[in-house]
Amino acid sequence: MPIFDTHAHYDSGGFNADRDAVLSALPAAGVGLVVDPGCDVESSRAAVSLAEKYAHVYAAVGLHPEDCGGCIDADFDAIRELCRHEKVVAIGEIGLDYYWAENPPKEFQQAVFRRQLEMAVELDLPVIVHDREAHGDSLAIVLEYPKVRGVFHCFSGSPEMAAELLKRGWYLGFDGPITYKNARRAPEVAAITPLERMVVETDAPYLTPVPFRGKRNDSRYLPYVIEKLAVWKGISPEEMTDITWKNGLRLFGLEGKA
């Protein structure tokens, strides 16, 4: 069974030197599908272009909280238009990021987040949520939109927050940090997350798992994340690969299409 990397930024400048070589090598390395989420209009268009070029790549489009400063109606219109593309499977990466002091004001981030959640309701698309140091507000805002479904990317909240999301049909994304020594919450979150709600991600070129931490990440390192999850859930890596593949297809509406 191939691997589904549900979150990788191959449009990133980190891949400018060898993007085609890396993406072309993925299927032979056992990576069957990738979703590339945009972070602003330009990167969303780039993600769509990659999806057009590679059969195993799909795109998500959206305005990331770190990159939403100064966005205007035309940007939302552009994202809406990109959502019509046949290989766009989600609105993302969207959400809240309170970590960096230079990020847009919290209230502005929240307004941008809500506007894109409204778009997801209108277009019946799942969302990919970025939540960094904003757990309370992120949860409160998504609960305002009970019709929205999707995934909390690289979930870093509490088991209690995870339980609230899982109860409402959300998926949780697990990435390289679950392999780090300081991953204290991750085992607790994994323990309460049903197998059918787990997806695996790289966030390439970021969040490279041990033993390659410090190097550029790509989808070929995802087996290290899968192996860690498999140990925690008491199943084989092959079973975890199969389960997360099927979960990714279901999350992004690709069953019978990919």
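**View 1. Buried residues of helix H3 in the predicted model.** Helix H3 spans residues 73–82. Its buried residues (under 20% relative accessible area, 1.4 Å probe, protein chains only) include Phe 76, Ala 78, Ile 79 and Leu 82. Seen down the axis of H3, they fall within an arc of 155°, so they line one face of the helix. The arc is taken from the directions between helix axis and C-beta atoms. Helix H2 (41–53), strand S3 (57–61), strand S4 (88–97) and helix H4 (106–123) are among the elements that cover them. Helices (H or I, at least four residues) and strands (E, at least two) are DSSP runs, numbered from the N terminus.

**View 2. Surroundings of His 9.** His 9 sits in the loop between strand S1 (3–5) and helix H1 (19–25). It counts as buried because its relative accessibility is 6%. Its side chain makes a polar contact of 3.2 Å with that of Asp 203. Such a contact pairs N or O atoms within 3.5 Å; within protein, one must be able to donate a hydrogen and the other to accept it, and residues adjacent in sequence count only if both atoms are side-chain atoms. Beyond four places in sequence, His 9 is also in contact (heavy atoms within 4.5 Å) with residues including Phe 15, Asp 36, Glu 93 and Tyr 206.

**Basis of the views.** Residues are numbered from 1 along each chain as its sequence is written, and side-chain values use heavy atoms, without hydrogens or water. In this predicted model, local features need pLDDT of at least 70 and side-chain atom pairs pLDDT 80 or more, while totals for chains, interfaces and linings use all residues.

Note on methods:
Buried means under 20% relative accessible area, exposed over 50%, partly exposed in between (1.4 Å probe, protein chains only).
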